[in-house]
Protein chains: 2
Amino acid sequence: MTQDHLSVTLSALADPTRRAILTRLSAGEASVNELAEPFAMTLPAISKHLKVLERAGLISRSRTAQWRPCRLEAAPMRGVADWIENYRRFWDGSLDHLDDYLSEIQKGEKS
Amino acid sequence: MTQDHLSVTLSALADPTRRAILTRLSAGEASVNELAEPFAMTLPAISKHLKVLERAGLISRSRTAQWRPCRLEAAPMRGVADWIENYRRFWDGSLDHLDDYLSEIQKGEKS
DNA sequence: AATCTATTTAACCGATAAGATAATTAACCT
DNA sequence: AGGTTAATTATCTTATCGGTTAAATAGATT
């Protein structure tokens with residue numbers, strides 16, 4: 001089954017190692033070895049995680065000599081933020097204007 | 001490995017069927033059969049999806065006769081929204097891109 | 001040319017996920 | 001009691017995931 005963008009993004013984000021990598025990258029570019037350093041995990045494992053993040057469009061990679069520095073590309077997160085925003089009222093607790101929101105919600109995702 | 005809340009929530013949300021179920025539930029409670037109806041999928045499959053959502057705390061279930069109506073519980077989404085909010089500046093960009101722009105300008109002025 | 005460094009690819013493994021079918025539980029209605 | 005409806009559990013298959021070790025590629029250095 002060809003996965004939709006939102007599913008690809010969310011499942012990329014569902015792994016704690018990958019989220020930690022993104023957090024690290026929010027402080028700036030980093031090489032694969034730098035990214036791997038904090039984890040009790042082999043390099044190929046990190047390499048795989050990076051490939052998942054790249055496929056999801058959450059990072060991009062350049063080439064400098066033998067290094068392949070990674071950069072955060074947060075754009076796909078916007079889809080997640082937008083989707084989840086439709087549910088904010090359900091945890092924010094102000095159920096007062098429920099009716100106003102219903103039609104908006106129903107315009108949401110139809111797979 | 002015991003999964004953290006955020007990972008459990010995100011992987012529950014990573015499936016389009018489950019997201020569609022949540023969207024449906026944002027319009028109000030529904031029975032399992034009602035939830036299953038729009039999908040080309042057997043009932044046990046839906047039942048499994050519901051179990052995943054329940055484990056993630058994204059739905060709760062009551063018992064009325066032979067029906068087990070499901071209700072949306074959006075609370076766990078808050079963790080997702082909070083986490084992702086840290087990245088908004090990277091796609092909203094106004095601040096970031098302004099910084100880039102300003103440093104570009106300064107380089108231009110110096111040369 | 002030889003070697004060191006950075007990273008990826010290949011091949012494999014165990015665990016989990018998503019689906020199916022068939023059987024089972026639970027509650028309702030004659 | 002017997003049958004219908006609602007939903008779950010059990011079992012199985014197939015595919016993907018997250019990790020490993022070992023080998024391969026690519027570029028820099030000596």
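Trainee: Which element gives the most to the surface near DNA strand D?

Mentor: The model is predicted, so local features need pLDDT of at least 70 and side-chain atom pairs pLDDT 80 or more, while totals for chains, interfaces and linings use all residues. Residues are numbered from 1 along each chain as its sequence is written, and chains are lettered from A and ligands numbered from 1 in the order in which they are written. The element is α4(A), with five residues. Helices are DSSP runs (H or I, at least four residues), numbered from the N terminus.

Trainee: Why is α1(B) called roughly perpendicular to α5(B)?

Mentor: Helix α1 (residues 5-13) and helix α5 (residues 75-85) of chain B pack at about 100°, with axes 9 Å apart. Axes are lines fitted to C-alpha atoms, for helices over the stretch in contact, and angles run from 0 to 180 degrees between N-to-C directions. Angles of 65 to 115 degrees count as roughly perpendicular, and therefore α1(B) is roughly perpendicular to α5(B).

Trainee: What makes the contact between these helices?

Mentor: B:His5, B:Leu6, B:Thr9 and B:Leu10 of α1(B) meet B:Pro76, B:Gly79, B:Val80 and B:Trp83 of α5(B). Two residues are in contact if their C-beta atoms, placed from the backbone, lie within 7 Å.

Trainee: How many residues of chain A are in contact with chain B?

Mentor: In chain A, 27 residues contact 25 residues of chain B; α5(A) supplies the largest share of chain A's side, six residues.

Methods
Helices (H or I, at least four residues) and strands (E, at least two) are DSSP runs, numbered from the N terminus. Angles under 35 degrees count as roughly parallel, over 145 as roughly antiparallel, 65 to 115 as roughly perpendicular and the rest as oblique.
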